[in-house]
Amino acid sequence: MMSFPSGYFEEDYKPNNSTQESKINMHIDIDMFYAQVEILLNSELKGKPLVVGNPRARITKRGVVLTSSYEARKFGVKSGMPMIEAIKLCPQVEIVKPRYNLYRQISSKVMDILKSYNLPLKITSIDEAYMDVSSIVDNYDDANKFAIEIKSKIKTSEGLTVSIGIGPTLTIAKIASDYNKPDGIKLVKPNELDAFFSDLPLIKIPGIGKKSYERLKARGYSYGKDLMNYSYDEIIQLLGNTGNYIYRVMHAKTTNTIGVNHGKRKSISNESTFIGKPGDINYYMQKVYYLFDRSFNRLLKGNWYTHTVNIKIRFNDFKTITRSKSIDAFTQDRDILREITINLIKPYLKDKRGLRLIGIGFSNIKHVKNKYVPLEEFF
Ligand code: TTP
Ligand code: MG
């Protein structure tokens with residue numbers, strides 16, 4: 001489903017040297033979603049041209065194509081096309097009635113898998129989502145591994161293939177997810193922008209519809225390379241707002257981000273990424289003590305009192321969990337906090353997958369005006 005992050009045509013954009021280069025974003029899109037579900041549930045449809053739409057269209061001549069299998073696409077059948085036209089292009093096409101509830105259920109299971117990584121996530125339609133993976137991977141090689149992991153999870157648990165695009169901006173990630181469909185991964189690294197956009201038809205840029213594309217083509221601009229060598233000022237001169245937008249897309253300067261809920265809750269935490277093996281309990285415990293001390297020392301230094309201990313664990317398959325435990329009162333007591341932390345985290349250290357990240361912290365923290373008096377001193 002075509003749906004774009006907001007903020008495409010930002011007229012107040014001024015060029016500067018900053019790009020989103022430090023960000024690594026993913027766009028995940030299920031391949032021929034409704035059709036893939038139907039094929040999964042009825043293997044007789046496999047390999048056949050198929051559309052999901054009004055099954056009585058041969059008689060009633062009504063309805064539009066919701067989606068089509070890749071075999072049907074070879075005949076020119078596309079989403080949104082009148083059914084009657086699809087039947088004309090491919091008379092033998094199989095037609096399956098849509099089962100919206102089923103698609104919604106499967107979609108939410110796929111999205112639950114994405115949510116389980118606890119990363120900034122923006123679900124933009126029934127079959128696509130953006131994920132900011134910058135905090136989980138340092139480089140594009142790891143992002144690629146992570147994408148393979150996500151794909152295999154979705155395949156194993158839901159039987160579906162997805163395509164994943166990875167790039168410095170959300171827009172580039174989205175374009176990339178369409179590039180190696182189906183069942184593909186495409187990385188666009190910041191230093192590969194020119195190569196990537198050079199041969200990309202401009203219609204592949206989200207927001208450039210058929211009409212704009214025809215207008216661009218009429219003026220001789222069909223591919224990225226036709227516009228790539230213009231400066232920002234030149235391209236504006238040439239194409240106004242559309243030029244501004246295309247320039248920003250091709251130079252990784254679109255600024256839309258995944259809106260994260262910044263609940264203003266104050267917290268302190270420290271985390272560390274490492275390469276752990278299954279069963280390395282002593283190694284993990286050292287990390288736990290170290291991270292606890294770092295967070296605890298910050299708590300003390302700021303003279304904060306906390307109500308809640310939080311832990312975060314990332315397993316080697318990138319599955320990430322967070323757990324927290326609240327205490328009855330606000331405290332700054334090292335032993336109490338340490339014990340709670342260890343009890344909370346211990347069960348996960350034995351996990352068969354092995355760990356790649358541990359985080360430890362405190363939330364619900366506040367300054368306590370009256371000096372804290374340990375209970376024992378009353379006796
Ligand atoms: P898309 O992701 O656009 O298409 P797709 O998943 O079918 O194919 P692709 O492999 O290119 O990603 O849309 C997702 C689902 O949304 C699609 O399976 C059916 C539904 N849909 C409609 O109902 N009407 C439409 O016009 C479009 C484009 C999609
Ligand atoms: Mg799709």
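Reader: What spacing do the donors of the magnesium ion (ligand 2) follow along the chain?
Author: This is a predicted model, in which local features need pLDDT of at least 70 and side-chain atom pairs 80 or more, while totals for chains, interfaces and linings use all residues. Residues are numbered from 1 along each chain, chains are lettered from A and ligands numbered from 1 as written, and side-chain values use heavy atoms, without hydrogens or water. Along the chain, the donors of the magnesium ion (ligand 2) follow D-I-x96-D.

Reader: Which protein atoms are they, and how far from the magnesium ion (ligand 2) do they lie?
Author: Asp29 and Asp127 each give OD. Ile30 gives O. These protein donors lie at 2.0 to 2.2 Å.

Reader: How many residues apart are aspartate 29 and aspartate 127?
Author: Aspartate 29 sits in strand β1 (strands: DSSP E runs of at least two residues). Aspartate 127 is in the loop between β5 and β6. The pair links distant parts of the chain, and the separation is 98 residues.

Reader: Is aspartate 127 buried or exposed?
Author: Buried means under 20% relative accessible area, exposed over 50%, partly exposed in between (1.4 Å probe, protein chains only). Aspartate 29 is at 10%, so it is buried. Aspartate 127 is at 6%, so it counts as buried.

Technical notes. Donors are N, O and S atoms within 2.8 Å of the metal (3.2 Å for Na, K and Ca); water is not among the atoms, so sites may look incomplete. Helices (H or I, at least four residues) and strands (E, at least two) are DSSP runs, numbered from the N terminus.
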